Amino acid sequence: MSLTILLFDKAPWRNHLLPLSASRPVGNLRIGICTLDEKWQRIFQAPVFFATADYLQPSFPIDDHSSTDPSLKNLFLIIQANVLPDISLLEELENLRVGEVLVSSERWIACKLDFIPEDIPGIISSLLPVKSNSEIQFIHHPEDIFLQNKQQLEFDFELLTKGRVSAAISSNNMLFGDRIFIEPGAQVEGVSLNSLDGPIYIGKNAQLEEGSFLRGYVAIGDSARVKMMARLYPNVSIGPGSTIAGEVNNTVVWGNSAKGHDGYLGCSVIGEGCNIGAGTSNSNLKNNWQDVRLYDYEYLSYRQTDVLKCGMIMGDLAMLGINSSVNTGTVIGVAAQVAMSNIIPKFVPDFSWQVGDDYSSYRFDKFLDMLERRKLATGTEISGNIAIFEHIYNNTAGLRTEVINNQTKK
């Protein structure tokens with residue numbers, strides 16, 4: 001029998017992860033070195049699919065071979081998509097039998113079946129419950145990604161490097177500690193790599209330029225670029241194809257995004273295909289030392305995070321102009337375009353156009369034109385179907401209009 005992993009997020013809780021979950025299944029979010037689906041695929045050496053929101057499902061179809069070929073006997077391990085893997089949980093999942101469901105604190109974590117039910121939550125009550133003894137970690141809200149990133153950096157480092165030998169590290173670098181792993185093709189010259197407190201992982205064909213400083217826990221994705229004199233503090237993940245410069249701390253940047261110049265980025269999550277203009281910095285601590293509040297799409301209002309430090313959350317393809325000043329606890333939606341001399345509002349809706357004193361909606365045809373020019377200039381394409389972004393554009397129209405109207409009245 002073969003095993004297929006199905007990551008489930010077709011539930012109201014996924015809305016708390018917007019705007020990060022707007023353009024992709026929750027199981028495709030990046031935390032640590034890998035995306036969640038990449039982790040599960042490597043752990044079980046099995047294909048991974050998503051049971052996700054209706055508008056996303058056509059772009060992330062489920063391939064059930066057994067439905068077309070009865071001779072292929074398949075087992076399905078269905079996991080809540082926002083669950084983070086760890087060693088103790090993996091053992092419990094491996095021991096799970098067909099017809100059993102792993103539960104923790106009255107919430108189901110995973111179940112094993114020999115078919116894919118149409119109504120996954122509806123079948124849970126008919127399965128035999130198995131109580132988990134693990135301390136299950138979840139991604140409930142966007143800030144959980146940088147809060148849980150250190151633990152996942154450690155997990156992924158072991159997952160990706162166990163039994164392997166790093167590529168040779170040039171003697172031109174300054175090395176502290178021995179938990180440094182460099183994949184083939186990476187260029188690392190004249191760099192300070194300090195792994196005394198946590199591991200450092202450098203992906204294939206990544207470029208680390210002279211005079212940059214990395215202090216683990218740090219991960220640099222495949223073909224990413226760390227520019228000269230960059231300072232990367234602990235708990236930083238840079239996704240594949242991204243460019244990073246300046247000062248970065250406690251932050252996760254997804255793929256093909258750019259913070260290519262000086263400025264501070266801290267306690268933040270930056271989506272795919274984003275651009276942060278030169279000189280941009282964000283605050284991550286309130287002057288009154290109170291816990292940070294973040295805009296929550298599910299509540300359509302601000303949520304208390306119970307976190308003292310939180311910078312900004314940026315959805316995919318959002319862009320900030322030069323010298324942008326980003327306040328503590330700012331949420332910037334998918335494809336928002338912001339270039340203003342004042343401090344950026346604490347919530348910028350998806351597809352907003354905020355340039356100077358112009359508060360308006362980003363026209364979708366202009367967005368498509370931008371994507372085409374971006375593709376010609378960089379050779380990179382966005383993840384996901386254009387229909388996904390059209391859905392986001394239409395679905396957030398009312399919210400965008402309300403926020404823009406409120407801002408123009410000020």
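Leu102 has Ala110 in S6 as its bridge partner. The two strands involved, S5 (100–104) and S6 (107–113), pair in the antiparallel sense over four bridges; pairing here takes at least two DSSP bridges between two strands. Helices (H or I, at least four residues) and strands (E, at least two) are DSSP runs, numbered from the N terminus.

This is a predicted model, where local features need pLDDT of at least 70 and side-chain atom pairs count only at pLDDT 80 or more, while totals for chains, interfaces and linings use all residues. Residues are numbered from 1 along each chain as its sequence is written, and side-chain values use heavy atoms, leaving out hydrogens and water.

**The sheet**
- Six strands make an open, mixed sheet, in the order S2-S1-S3-S6-S5-S7.
- S2 (48–51) and S7 (128–131) sit at the edges with a single partner strand each, so one side of each has no neighbour in the sheet.
- From one strand to the next, the twist averages 25 degrees (axes are lines fitted to C-alpha atoms, for helices over the stretch in contact, with angles from 0 to 180 degrees between N-to-C directions).

**Around S1**
- S1 is mostly covered, with five of its seven residues buried (buried is under 20% relative accessible area, exposed over 50%, partly exposed in between, using a 1.4 Å probe and protein chains only).
- S1 and S3 run parallel over seven bridges, and Phe8 stands opposite Gln80 in S3.
- S1 and S2 are also parallel, joined by four bridges, and Leu7 has Phe50 in S2 as its bridge partner.
- The chain goes from S1 through H1 to S2 in a right-handed β-α-β crossover (clockwise from the first strand over the helix to the second, with the strands pointing away from the viewer).
- H1 lies across S1, S2 and S3, at about 160 degrees to S1.

**Helix H3**
- Leu89, Leu90, Glu92 and Leu93 are buried in H3 (residues 87–95).
- They span an arc of only 165 degrees around the axis, which puts them on the same side of H3; the arc uses directions from the helix axis to the C-beta atoms.
- Exposed Ile87, Glu94 and Asn95 are on the face turned away from that buried side.
- Cover for the buried residues includes H1, S3, S6 and H6, with contact meaning heavy atoms within 4.5 Å.

**Ser195**
- Ser195 lies in the loop between S12 (192–194) and S13 (200–202), and is buried at 4% relative accessible area.
- The Ser195 side chain reaches the backbone nitrogen of Arg179 at 3.0 Å and that of Asp178 at 3.4 Å.

Note on methods: A polar contact is a pair of N or O atoms within 3.5 Å; within protein, one must be able to donate a hydrogen and the other to accept it, and residues adjacent in sequence count only if both atoms are side-chain atoms.
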